[in-house]
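Trainee: I would like to learn how to read accessibility, salt bridges and ligand contacts in a structure such as this one. Could we go through it feature by feature?

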Amino acid sequence: MRFVIIGGDAAGMSAASRAKRRRSGMEVIVLEQTGDVSYSACGMPYNIADPQREIDDLIVRHPQVFREKQGIDLRTGHRVEVIDPVQNLVEGTALDGTAFRVPYDQLLIATGASPIIPDLPGFDLPGVMGLKSLDDGRRIKKFIADHHVKEAIIIGMGYIALEMCEALRARDIKVMMVKPRPVFLPWMQETLSGMVREEVETHGVSLHLGHEVEAIEETNSGFKVRCADLELEGQMVLVAIGVIPNSRLAENAGLELGVKKSIAVDRFLRTSNQYIYAAGDCADAYHVVTDQKTWIPLALRANRAGWAVADNVTGKEVALPGVAGTAVFKVFDLQVARTGLNVAEAQKAGFEPVEITIQARTRAHSHPGASTIGVEMVGDRKTGRLLGVQMVGKEGAAHRIDAPAVALHAGMTVAEFTQCDLAYAPPFSPVWDPMLTAANQLFKKL
Ligand SMILES: Cc1cc2nc3c(=O)[nH]c(=O)nc-3n(C[C@H](O)[C@H](O)[C@H](O)COP(=O)(O)OP(=O)(O)OC[C@H]3O[C@@H](n4cnc5c(N)ncnc54)[C@H](O)[C@@H]3O)c2cc1C
């Protein structure tokens, strides 16, 4: 049996490794368009922040390890251009220009996502860059070094944009951020997003909200980002306005698409073709709170989906329950975390959301070094169910979010969550953990 995988990062290599572990005799072929496989994209902003570190430090496992130690037929520099679901084969072109054609018994599409680059003047200039692949990371790092970048403009204010603004500030680069919408972190409760905004501005970053970028122009000293009523100048532009799923191959092969044009899969990660699976950022998933389809491109679910596909092609039936949308990022000294739904998402999904926002201490009253943690918790008036939590704080937000995330997977009510036995010791939390304080107050409002 021949298992062919398109894409060799989180989902693709997780699937390849596990399939080989479970069935060492299975022929596993991975076709990856770049020269890199199995690296930590998530680590790139932190690596870019440090000029002493090589970007290749982020490679988790080198191609020859997959080939020689694991027996995976890993073909880097192989770009797949066509999936033929009638003859069960894929076709493409290798980096040296030779065409290839590979038949499959089972196929996994693990092509990930690509940064959105608007079709506007100047977005194709060298020095105007997105950050997705390791090659992007290499390019950005080299550009900063070669051009002695002192001022950079970031288009977008999502989590990658914010991680990169911290990275560039660490390299003493002045950062200006611009985006068309007037609201900073629109998915986040206002008090909490205000805490994040203050943190970013305190670190010398200038935020320009409500400005639609019209063009990027070259100047004598670098680039000018032009909006109708604003011009920003710097030696480098980073475009970080989000990603789209790489689903074109699947669409052209006639496979069903789902949320935001991601590849539609069932809980077994099967596409609308019985011999083709899809996993990771290119595919959709079920949301554990709404039980509806969602598209949340994050690393853990890509790895987990890769494993599940490997199990399914090697005969162990695995269905995934779905995702809660748990996510966390750091910006300067703040941890920002979320799981589940915010009020708007809850309303859209048909719930009757009630929310509470509190500010609590991160450590016990008498313990030195405490700081403030902001928590927003959302519950459903009709059923009493916990629907989502957001959190911002200098400490304790990143891992605290895991408790409500588990509660969402378990379908707990807010009342049930108030009774959870959460850990306490003075250096780590008050006796009543901020999660429990928020839950107690939300319970009263429901
Ligand atoms: C800067 C940055 C920071 C991030 N931080 C976090 C974080 O903190 N936490 C988190 O959960 N997630 C984070 N992510 C997201 C996370 O990296 C992705 O969710 C994860 O990499 C998805 O894995 P994947 O295998 O689905 O796709 P990818 O990692 O995108 O891999 C897809 C692979 O498919 C290859 N490919 C695509 N098309 C073809 C083709 N036609 N032929 C052959 N090969 C093809 C690509 O070259 C690529 O190697 C971050 C991402 C970035 C860019």
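Reading exposure, salt bridges and a ligand site

Mentor: Let us begin with Asp56, which counts as partly exposed because its relative accessibility of 36% falls between the 20% under which a residue is called buried and the 50% over which it is called exposed. Please keep in mind throughout that this is a predicted model.

Trainee: With which residue does Asp56 form a salt bridge, and how far apart are the closest N and O atoms?

Mentor: The idea is to look for a side-chain nitrogen of Lys or Arg within 4 Å of a carboxyl oxygen of Asp or Glu. Here the partner of Asp56 is Arg138, and the closest N and O atoms of the two are 2.9 Å apart. This pair links distant parts of the chain, since Arg138 belongs to helix H4 (residues 134-147), whereas Asp56 sits in the loop between helix H2 (44-48) and helix H3 (63-69), 82 residues apart. Arg138, at 25% relative accessibility, is likewise classed as partly exposed.

Trainee: Which residues are linked with Asp56 and Arg138 in a network of salt bridges?

Mentor: Asp36 and Asp135 join Asp56 and Arg138 in that network. Across the whole structure, the search finds 25 salt bridges. Another of them joins the side chains of Asp57 and Arg53, with an N to O distance of 3.9 Å. Both of these residues are partly exposed, Asp57 at 47% relative accessibility and Arg53 at 31%.

Trainee: Which parts does the salt bridge between Lys394 and Glu199 tie together, and how many residues apart are they in sequence?

Mentor: Lys394 and Glu199 form a salt bridge whose closest N and O atoms are 3.5 Å apart. Because Lys394 is in the loop between strand S25 (386-393) and H10, while Glu199 is in helix H6 (residues 190-202), the bridge ties together parts that are 195 residues apart in sequence. The two ends also fall into separate accessibility classes: Lys394 is partly exposed, with a relative accessible area of 44%, whereas Glu199, at 8%, counts as buried.

Trainee: Turning to the ligand, which residues come nearest, and how many residues are around it?

Mentor: A shell is read by listing the residues with a heavy atom within 4 Å of the molecule. In this model 31 residues are around the ligand, and Asp9, Ala11, Glu32, Asp281 and Ala299 come nearest. By type, the shell divides into 18 nonpolar, eight polar and five charged residues. Among the elements that each supply at least two residues of the shell are helix H1 (10-22), strand S2 (27-32), helix H5 (159-170) and helix H8 (299-313), while the largest share, three residues, comes from S4.

Trainee: Within helix H8, is Asn312 buried or exposed?

Mentor: Asn312, which lies in helix H8, counts as buried because its relative accessibility is 13%, below the 20% limit. A polar atom of the Asn312 side chain is 2.6 Å from the backbone nitrogen of Val318. Leu300 is also in helix H8, yet Leu300 is exposed, with a relative accessible area of 56%.

Trainee: Which residues make a nonpolar surface patch?

Mentor: Tyr424, Val431 and Trp432 make a nonpolar surface patch of about 350 Å². Val431 is found in the loop between helix H12 (414-418) and helix H13 (434-445), and its relative accessible area of 54% makes it exposed. For practice, compare His399 in helix H10 (residues 397-400), which is exposed as well, with a relative accessible area of 65%.

Note on methods
Residues are numbered from 1 along each chain as its sequence is written. This is a predicted model: local features need pLDDT of at least 70, side-chain atom pairs count only at pLDDT 80 or more; totals for chains, interfaces and linings use all residues. Side-chain values use heavy atoms; hydrogens and water are left out. Helices (H or I, at least four residues) and strands (E, at least two) are DSSP runs, numbered from the N terminus. Buried means under 20% relative accessible area, exposed over 50%, partly exposed in between (1.4 Å probe, protein chains only). Ala, Val, Leu, Ile, Met, Phe, Trp, Tyr, Cys and Pro count as nonpolar, Asp, Glu, Lys and Arg as charged, and the others, Gly among them, as polar. Patches are made of residues with over 30% relative accessible area and no salt bridge: like charges are joined within 9 Å, nonpolar side chains (Val, Leu, Ile, Met, Phe, Trp, Tyr) within 5 Å. Accessible areas come from the Shrake-Rupley method with a 1.4 Å probe; for residues, only the protein chains shown count as cover. A polar contact is a pair of N or O atoms within 3.5 Å; within protein, one must be able to donate a hydrogen and the other to accept it, and residues adjacent in sequence count only if both atoms are side-chain atoms.
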